[in-house]
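Please look at the sequence and the three-dimensional structure together before reading on. The paragraphs that follow lead from one residue to the chain as a whole.

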Amino acid sequence: MVAPREIELKLECEGSDLAELSRHPFLQAEGSEDSRFLTSTYFDTAAGDLRAAGLTLRVRRDGETFVQTVKAAATAPGLFDRSEWEADR
């Protein structure tokens, strides 16, 4: 069984650029009018043991649903291509 992978591209921009960015065709997918409020909380030990092991633990709340995710370290700065494991709670 192949572990699910997340590929994430993070961009840095000024607040004044967000309106222009939001008009980009890639962000105009059908259904984009629907929005949800997600809350993500990241956990680690006081000594940072998870980070030192190359792991991230996140619990995300989407309405009444909670999803716990463990992610492996990114392979390159800025472009996140990493293994992850999720479980609904």
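Is Arg 58 buried or exposed? Arg 58 is buried, with a relative accessible area of 5%; here buried means under 20% relative accessible area, exposed means over 50%, and partly exposed lies in between, with a 1.4 Å probe and protein chains only. The model is a predicted one, in which local features need pLDDT of at least 70 and side-chain atom pairs count only at pLDDT 80 or more, whereas totals for chains, interfaces and linings use all residues. Residues are numbered from 1 along each chain as its sequence is written, and side-chain values use heavy atoms, with hydrogens and water left out.

The chain has two helices and five strands, where helices (H or I, at least four residues) and strands (E, at least two) are DSSP runs numbered from the N terminus. Read from the N terminus, the order of the elements is β-α-β-α-β-β-β.

Arg 58 belongs to strand β3, which covers residues 55-62. Leaving aside residues up to four places away in sequence, Arg 58 touches Ser 40, Thr 41, Tyr 42, Val 67, Gln 68, Thr 69, Lys 71 and Glu 86, a contact being heavy atoms within 4.5 Å.

Charged side chains deserve attention next. Side chains of opposite charge can pair when their charged atoms come close. The structure contains two salt bridges, each defined as a side-chain nitrogen of Lys or Arg within 4 Å of a carboxyl oxygen of Asp or Glu. In one of them Arg 58 pairs with Glu 86, and the closest N and O atoms are 3.8 Å apart. Arg 58 lies in strand β3 and Glu 86 in strand β5 (residues 79-88), so this pair ties together parts that are 28 residues apart in sequence. Glu 64 and Arg 61 also form a salt bridge, with an N to O distance of 3.4 Å. In this pair Glu 64 is exposed at 68% relative accessibility, while Arg 61 is partly exposed at 35%.

What lies on the surface? Glu 12, Glu 14, Asp 17 and Glu 20 gather there in a patch of negative charge. Patches consist of residues with over 30% relative accessible area and no salt bridge, with like charges joined within 9 Å and nonpolar side chains (Val, Leu, Ile, Met, Phe, Trp, Tyr) within 5 Å. Lys and Arg count as positive and Asp and Glu as negative, while His and the chain ends are not counted; the place of a charge is NZ of Lys, CZ of Arg, CG of Asp or CD of Glu. Glu 20 is in helix α1 and is exposed, at 55% relative accessibility.

A nonpolar patch of about 430 Å² is formed by Leu 18, Leu 21, Phe 26 and Leu 27. Phe 26 sits in the loop between α1 (18-22) and β2 (38-43) and is exposed, with a relative accessible area of 75%.

Finally, consider the chain as a whole. Its accessible surface is about 7,500 Å², and 56% of this belongs to carbon and sulfur atoms; such areas come from the Shrake-Rupley method with a 1.4 Å probe, and for residues only the protein chains shown count as cover. Of the 89 residues in the chain, 12% are buried.
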